[in-house]
Amino acid sequence: MSALFVPPGSDFPAANLPYGVFSPGPGERPRVGVAIGEQVLDLSSFLGDEVFSSPSLNAFMAEGPSRWTEVRRQLTAAVTDDRATEELAAHLHPLGSVVMHLPVEVADYVDFYASEQHATNMGHLFRPGSEPLTPNWKHLPIGYHGRAGTVVVSGTPVRRPCGQRKGPAEPAPSFGPSAKLDIEAEVGFVVGVASTQGEAVPIDSFAEHVFGVVLVNDWSARDIHSFEYVPLGPFLGKSFATSISPWVVPLQALEAARRTPPAQDPRPLSYLRGREEWALELTLEVELNGTVVARPPFSEMYWTAAQQLAHMTVNGASLRTGDLFASGTVSGAEAEGWGSFLELSWNGSRPLHLDDGSERTFLEDGDTVVLRASAPAVGGGRLGFGELSGTVLPAAGRS
Ligand code: MN
């Protein structure tokens, strides 16, 4: 068996080559690697370039698309050439034994709201009796600035937040642990190349700035969120933690997943219309305590990441290397494709039945949520994003 054996169905075939930051063992220095099959190739030793000895991908991402293409070409050649196997062996580590770190030093974090089904469901649940979509929704990709400093890597436990909660029948809020802790299954885009303040980034420059794609879990405390969000949007109901996957799938690995986005009516303004089409056929999977509860389809999102990037900078706001912008909850037209427990349980009124015999509406302490995604790979077959997992800890002082 070659050192680079890739098991059938692996998330990490040679057509993927996602980047991450790892330590070969606990306490060892973090460095950049790519996943291939069930192993990690250490780029700091294999390519011997200082940029890969860095504890984040930022330095490499800042180098830009021609360099990304060049390194990808080099790595593709190395992992597909049987004669190179021996040369590679000294730089490979089993995936199961490495420690993964946050791959990106997150600069700014923005979260969008791009699924029409999700926005419609939220409207029904949070603003019953009014139009589910706000009048601006089909004119611009709605978003808010999140908290970059609380973005954590997969495997980091998430403590249940405390805050002000008020039920519709209660006259005043009370303080305590969130009773409606939820997730949002999302797809995140990582910016490599910065832009200049005062200059908009045109929609067709998307691939010149965006390095790659991660899975995002936008943990959300619905009771805190629903009381605080009018009129300035989400704040403490979401800022306590956002988890991302450890592997960043290069945009270049997703060429075969590109699709035509859903038709947009009304036609968006010209800065939101590009020549390139950036809908992506990613199938997400949401698993709670071992039971798959949803398979959200990313290709149905109303606004694309290219439109979001153009919108985010149209006022002259600049990009920084390490910026992360997430899609918003991925919810498809069918209920089995809804990406939050708020929607899946219809605000707690329809419990989900798990394979272990238990029922859930919102998350309980000790619950583990795992997100996965797969996409068509260039040359056939599929590639995956690995796992994004997080376990809920009791609220502070309640363990
Ligand atoms: Mn979100």
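A salt bridge is taken here as a side-chain nitrogen of Lys or Arg within 4 Å of a carboxyl oxygen of Asp or Glu. With that in mind, and remembering that the model is predicted, select D108 and R320, which form such a pair with their closest N and O atoms 3.1 Å apart. D108 sits in the loop between β5 and β6 (109-112), while R320 sits in the loop between α8 (305-313) and β22 (324-326), so the pair ties together parts that are 212 residues apart in sequence.

Next, colour the protein chain by its domain assignment, which gives domain 1 as 19-101 and domain 2 as 109-393. The centres of the two domains, taken over C-alpha atoms, are separated by 28 Å, and the contact between them takes 19 residues from domain 1 and 18 residues from domain 2.

The size of an interface is often given as the accessible area lost when the parts come together. Here domain 1 and domain 2 bury about 1500 Å² between them, with 71% of it on carbon and sulfur atoms. To see where domain 1 contributes, show the side chains of Y19, M61 and W68, which lose the most area to domain 2 and together account for 41% of what that side buries.

What kinds of pairing cross this interface? The count of salt bridges between domain 1 and domain 2 is 0, whereas 2 residue pairs are found in polar contact across the interface. Switching to a cartoon view, select β1 (19-23), β2 (31-36), α2 (58-62), α3 (65-80) and β5 (99-101), the elements that each give two or more residues to the side of domain 1 that touches domain 2. The residues of that side divide into 12 nonpolar, 6 polar and 1 charged.

**The manganese ion**

Now centre the view on the manganese ion, which is coordinated at 2.1 Å by D111 (OD), E184 (OE), E186 (OE) and D218 (OD). Along the chain, these donors follow the spacing D-x72-E-x1-E-x31-D. Among them, E184 and D218 link distant parts of the chain, being 34 residues apart: E184 is in the loop between β12 (181-182) and β13 (185-191), and D218 is in the loop between β14 (210-217) and β15 (220-221).

**Backbone stops**

The last selections concern the backbone. Most residues other than glycine have a negative phi, and most peptide bonds are trans. Finally, select L17 in the segment before β1, where phi is near 55 degrees, a positive value in a residue other than glycine.

Key:
Residues numbered from 1 in each chain as written. Predicted model: local features only at pLDDT ≥ 70, side-chain atom pairs only at ≥ 80, totals over all residues. Heavy atoms only, no water. Domains from an automatic or database assignment. Contact = heavy atoms within 4.5 Å. Buried area = accessible area lost by both parts, 1.4 Å probe. Polar contact = N/O pair within 3.5 Å; in protein donor to acceptor, adjacent residues only side chain to side chain. Helix = DSSP H or I, 4+ residues; strand = E, 2+ residues; numbered from the N terminus. Nonpolar A, V, L, I, M, F, W, Y, C, P; charged D, E, K, R; others polar. Donors = N, O, S within 2.8 Å, 3.2 Å for Na, K, Ca; no water.
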